[in-house]
Each structure stands twice: as structure tokens, then as C-alpha cells.
Amino acid sequence: MKKVAIVMGSTSDMPVMQDAIDILKEFGIEVDVDIVSAHRTPEKLFEFGKNAHKKGYSAIIAGAGGAAHLPGMVAALTPLPVIGVPVKSSNSIDGWDSVLSILQMPGGVPVATVALNGAKNAGILAAQIIGTSDTSVLDKIIAYKEALKTQVIEGAKSVNSMK
Ligand code: RP5
């Protein structure tokens, strides 16, 4: 079974990152979760980044706020795809600092950056990566998207019935 690593810079990121854990569980995908701080535990970051590809992960989701160096540094160290989640944290000015720190990577070292606090989409993207080679996960993603469509159609019906 393929799995996803979810790392974040602080326990304070957990309320945001929980959305990635929840959606991956909904798709039946195993996750390993850890706190890895680029600034406070740089040795742990290096150890994680250098060895993640030996542990059966298909993707890494990395979330951080403020001067958010974790996703980019993990991407520098691993051959695996890295999905970055900018977190609006206590040390963020307005969230743009986290977004730009994760988004503006140099050529050769991509981080697939989702929206501010967009951990749910990070989880879905990781599932979609797994779905390219796992038909049971692919089928769950197809069903998930169908359910989204149904919700919108039903919502439109109820809005129309209210007028
Ligand atoms: C970042 O600093 C973490 O990812 C977190 O978003 C932010 C604040 O961390 P704490 O001071 O709450 O531990 O490195």
C-alpha cells in the first residue's frame, strides 16, 4: 500500500494540516505524520529529507507558516514530489509571507504549492499522484469529484426553489 508523509514545522500547524490527514484517510491512504522544523530541528529535517524516498512514500506534504522554509528544503533533499501548504501562523504577517516562501522556488526544485491553509487540496493532490498507478484510489477520486458535482447541482436546485 502506498503512503504519504505529512510533515509540518510546529504542532501549532496541526489544526490546518489535519485536513490533509482527514481527506487521505477518506481515500484509504496511509499517512505518517511528524513535526520537522527547518529552523529548530535542522538535523531532523536533513535526516527526513535524505531518507523519505526509502520509506515507501509516493509524495510528501509539508506545511509551514511565516518564513516557511520546510517545504522548499525538503524538496531540495528528496527525489519525491513535495506538496507545500502555506499556513497562516502566529508569526505570519498576513499569510503572503508563507505563500511566497513556499511558492517562489528556484528552477530545478519544484514545490507544488496549494492555497493558504489549503491542506485539504494537498491531500487530494497526493491521492491523485497515487491514483496514477493505483486504480482503487483513482476510482475513489472519480467518485469524490462526482459527489462534488452533485453537491453543486443540488445546491443550485435548492437556491432556485427558495426564490
Ligand atoms: C513555523 O513557524 C511553523 O511552521 C509554524 O507555522 C510557525 C509558528 O510556530 P510556533 O511558534 O507556533 O511553534 O516554522
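Biologist: A polar contact is a pair of N or O atoms within 3.5 Å (within protein, one must be able to donate a hydrogen and the other to accept it, and residues adjacent in sequence count only if both atoms are side-chain atoms). The model is predicted, so local features need pLDDT of at least 70 and side-chain atom pairs pLDDT 80 or more, while totals for chains, interfaces and linings use all residues. Residues are numbered from 1 along each chain as its sequence is written, and side-chain values use heavy atoms, without hydrogens and water. How far is a polar side-chain atom of S10 from an oxygen atom of the ligand?

Modeller: The residues around the ligand (a heavy atom within 4 Å) are G9, S10, S12, D13, R40, A64, G65, S89 and N91. For S10, a polar side-chain atom and a ligand oxygen atom are separated by 2.6 Å.

Biologist: Which residue has a side-chain N or O atom 3.5 Å from an oxygen atom of the ligand?

Modeller: G65 places a polar backbone atom 3.0 Å from a ligand oxygen atom. At 3.5 Å from an oxygen atom of the ligand, the side-chain N or O atom belongs to N91.

Biologist: How do the residues in the contact of α1 with α5 divide by class?

Modeller: Helices here are DSSP runs (H or I, at least four residues), numbered from the N terminus. In α1 (residues 14-26), V16, M17, D19, A20, I23 and L24 meet A119, K120, G123, I124, A126 and A127 of α5 (contact: heavy atoms within 4.5 Å). With Ala, Val, Leu, Ile, Met, Phe, Trp, Tyr, Cys and Pro taken as nonpolar, Asp, Glu, Lys and Arg as charged, and the others, Gly among them, as polar, the division is 9 nonpolar, 1 polar and 2 charged.

Biologist: How are α2 and α3 oriented to each other?

Modeller: α2 (residues 42-51) and α3 (residues 70-77) have axes 8 Å apart at about 45° (lines fitted to C-alpha atoms over the stretch in contact, angles from 0 to 180 degrees between N-to-C directions). Angles under 35 degrees count as roughly parallel, over 145 as roughly antiparallel, 65 to 115 as roughly perpendicular and the rest as oblique. The pair α2 and α3 is therefore oblique.

Biologist: At what angle do the axes of α5 and α6 cross?

Modeller: Helix α6 spans residues 135-162. The axes of α5 and α6 come within 8 Å and cross at roughly 135°.

Biologist: Which residues of α6 make the contact with α5?

Modeller: On α5, the residues are K120, I124, A127, Q128, I130 and G131. Across from them, α6 contributes V137, L138, I141, Y144 and K145.

Conventions
Helices (H or I, at least four residues) and strands (E, at least two) are DSSP runs, numbered from the N terminus.
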